[in-house]
Amino acid sequence: MEQSKKKELQALAIRIRMAALDAVHSRGSGHLGGALSIADVLAALYGGEMKYNPADPAWPERDKLVCSKGHAGPAVYGVLATLGYFPYEELRTLNRPGTRLPSHCDRNKTPGVDMTTGSLGQGTSLACGMALGDRLRGRSSRTFLIMGDGESNEGQVWEALAFASAKKLSNLVVLLDWNKRQLDGWTEDVYPMGDYVAKFRAFGFETVKVDGNDVEAVAAALADTRRGGDKPYAIVLDTVKGAGIDDVAQMVMNHSVSVSDDQFEKWTAQLQAQLSALEG
């Protein structure tokens, strides 16, 4: 990857984190940890891998994103606002009466959101159906599914993955956010799932594991999924919950985080410093 492109993706990831923080601060609290951990994969997807059109969010030939861990909506809203799907200022209406930005992703409310999610486990089934539907319609579109590691405790996830393999859905790319924490603790303590790479491969997926907070590594893994074939793809993203903001990453419980005015100023300054250093 050229350094200019890498910096572009890194800058987009920082802006996504800033936007997610802005949205959560406006509400006082929200699902910040899991939003921050997927900023880099969102940057890689929207910064070059996916085909989409902010002027026509329902464009039939677009690639689709299903954020099955729907509570990470602030990050999804952050990238959509940054790309112009709706005014940036609207981020500050997060989870308020009449908002188009509910706590969890809702395709009926938010321009650019392709599927309603939040009931954990169901997004995998929905993504499989979308990928199969595009294939039956003869479209070249692909479906990208972001799934949480805590969410993988759900049996429905693995039923859907078996379906994807059986139907040879090579237009489906599963992105597992392995940030190692879930709602009430470390995933290894709550419900250990073993070797994710081995599990995905056992279910018939072409599978790799990468540093999920390294945009260059994520972009390279995504590029490799363009080759088609007769298997769906899985990328295990080794991430840090709260990545990008030191205080959040170091919190013992950072699934839902309160953000005071002082914290907002401090954390925004940290992200702005990262952006300034990157852009010289």
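Okay, arginine 226: it's exposed, with a relative accessible area of 53%. For the cut-offs, buried means under 20% relative accessible area, exposed means over 50%, and partly exposed is in between, using a 1.4 Å probe and protein chains only. Bear in mind that this is a predicted model, where local features need pLDDT of at least 70, side-chain atom pairs count only at pLDDT 80 or more, and totals for chains, interfaces and linings use all residues. Residues are numbered from 1 along each chain as its sequence is written, and side-chain values use heavy atoms, with hydrogens and water left out.

So what does arginine 226 pair with in a salt bridge? With glutamate 49, at 2.8 Å, N to O. By salt bridge I mean a side-chain nitrogen of Lys or Arg within 4 Å of a carboxyl oxygen of Asp or Glu. Helices (H or I, at least four residues) and strands (E, at least two) are DSSP runs, numbered from the N terminus.

Aspartate 224 counts as partly exposed, at 39% relative accessibility.

How many salt bridges does the structure hold? There are 17. One of those joins the side chains of aspartate 40 and arginine 17, at 2.5 Å, N to O. Aspartate 40 is in helix 3 (residues 39–49) and arginine 17 in helix 1, so this pair ties together parts that are 23 residues apart in sequence. Both aspartate 40 and arginine 17 are buried. There's also a salt-bridge network linking Glu61, Lys64, Asp134 and Arg139.

Now, the cores. A nonpolar core here is a set of buried Ala, Val, Leu, Ile, Met, Phe, Trp, Tyr and Cys residues joined through side-chain atoms within 4.5 Å. The largest one has 61 residues, and Leu32, Leu45, Leu175 and Leu222 have the most contacts inside it. Helix 1 (residues 3–27) supplies the largest share of this core, 11 residues. Apart from it lies another core, of 24 residues, with Met115, Ala131, Leu176 and Phe205 among them.

Contact means heavy atoms within 4.5 Å. Leaving aside neighbours within four places in sequence, leucine 222 is in contact with residues including Glu49, Leu45, Leu175, Phe144 and Arg142. Glutamate 49, then, is both a contact of leucine 222 and the salt-bridge partner of arginine 226.

Next, some backbone bits. Asparagine 95 has a phi near 55 degrees, which is positive in a residue other than glycine. It lies in the loop between helix 4 (73–83) and helix 5 (122–136), and asparagine 95 is partly exposed at 36% relative accessible area. Lysine 180 also has a positive phi, near 75 degrees, and is found in the loop between strand 4 (172–178) and strand 5 (181–182). Lysine 180 is partly exposed too, at 22%.

Last one: threonine 99. Buried or exposed? Buried, with a relative accessible area of 12%, in the loop between helix 4 and helix 5. A polar atom of the threonine 99 side chain lies 2.9 Å from the backbone nitrogen of leucine 101. Not counting residues up to four places away in sequence, threonine 99 touches Thr93, Leu94 and Lys109.

Methods:
A polar contact is a pair of N or O atoms within 3.5 Å; within protein, one must be able to donate a hydrogen and the other to accept it, and residues adjacent in sequence count only if both atoms are side-chain atoms.
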